Amino acid sequence: MPINKIAVGTPGEASHPDAIRAAFAEFFSTLIFVFAGEGSGMAFNKLTNNGSTTPSGLVAASLAHAFALFVAVSVGANISGGHVNPAVTFGAFIGGNITLLRGILYWIAQLLGSVVACLLLNFATGGWETAAFSLSSGVSVWNALVFEIVMTFGLVYTVYATAVDPKKGNVGIVAPIAIGLIVGANILAGGAFDGASMNPAVSFGPAVVSWSWTHHWVYWAGPLIGAAIAALVYDNIFIGDGAHEPLPNNDF
């Protein structure tokens with residue numbers, strides 16, 4: 001990937017009205033997504049009196065995250081690009097589709113959105129714990145790291161194919177549902193092993209509110225590595241130098 005695709009941005013970019021609006025869009029989209037996704041898990045725990053995870057619970061979590069992400073991406077798409085995920089933002093940066101400064105602004109908004117969503121859930125449920133992501137019995141940190149890398153690769157590859165690629169045409173219409181579906185499918189694949197985060201913000205909020213940081217680094221390293229690989233693969237093989245568009249105001 002040519003280094004000239006990566007842009008730092010201008011000093012005043014972070015305070016530009018468009019960037020501020022985009023950051024607010026990321027904050028609210030992430031809040032919506034995490035509230036529904038994390039909330040579905042808390043609802044399952046209430047219904048089962050904190051019983052063990054069952055196949056039906058995994059399916060419920062998959063559907064809740066898929067539906068919520070479909071909505072969260074849709075409502076933010078025309079304002080911020082609907083990243084709703086620091087890994088997606090990082091993948092966009094690696095491919096030269098967002099500047100570093102704007103990306104940092106997105107990260108702050110996404111992480112804050114997740115924390116606020118978990119605080120609201122904690123209050124609304126009368127103090128129920130927003131459980132942090134953790135590894136299942138028999139799953140090592142390296143197993144989980146591979147899971148997160150591969151699942152996030154699939155997510156960001158889907159984002160590039162349906163939302164970033166300048167040749168996407170009418171496929172862009174289905175981008176939000178495609179992104180939601182790949183997350184739902186990955187939860188069915190990896191949820192029983194490490195929770196299937198694919199999103200550092202989704203992991204960060206519950207960790208802050210419950211103050212539980214065991215193996216938390218896996219849920220940052222895996223998604224960021226997977227996102228970078230997906231961006232490099234798709235950008236270099238399928239977009240290429242000639243087809244690459246200049247940075248738009250709202251990245252995607």
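Predicted model: local features only at pLDDT ≥ 70, side-chain atom pairs only at ≥ 80, totals over all residues.

1. Two salt bridges are present in the structure. In general terms, oppositely charged side chains can pair when their charged atoms come close.

2. One of the bridges joins R21 to D18, with 2.4 Å between the closest N and O atoms. Both residues belong to helix 1 (residues 17–47), where they are three residues apart, about one turn of the helix. R21 is classed as partly exposed because its relative accessibility is 48%. D18 is likewise partly exposed, at 26% relative accessibility.

3. The other bridge links K167 with D165, and here the closest N and O atoms are 3.3 Å apart. K167 has a relative accessibility of 52% and therefore counts as exposed. D165, by contrast, counts as buried because its relative accessibility is 5%; the cut-off for burial is under 20%.

4. A nonpolar patch on the surface is formed by I32, F70, V71, V75, V171, I173, V174, I177 and L181. Together these residues have about 740 Å² of accessible area.

5. Which helices each supply at least two residues of the nonpolar patch? They are helix 2 (55–77) and helix 6 (175–194). Helix 2 gives the most, with three residues.

6. F70, one of the patch residues, is located in helix 2. Its relative accessibility is 34%, so F70 counts as partly exposed.

Notes:
Residues numbered from 1 in each chain as written. Heavy atoms only, no water. Salt bridge = Lys/Arg side-chain N within 4 Å of Asp/Glu carboxyl O. Helix = DSSP H or I, 4+ residues; strand = E, 2+ residues; numbered from the N terminus. Buried < 20%, exposed > 50% of the residue type's maximum accessible area, 1.4 Å probe, protein only. Patch = residues over 30% accessible without salt bridge, like charges linked within 9 Å, V, L, I, M, F, W, Y side chains within 5 Å. Areas by Shrake-Rupley, 256 points an atom, 1.4 Å probe, with all protein chains shown as cover.
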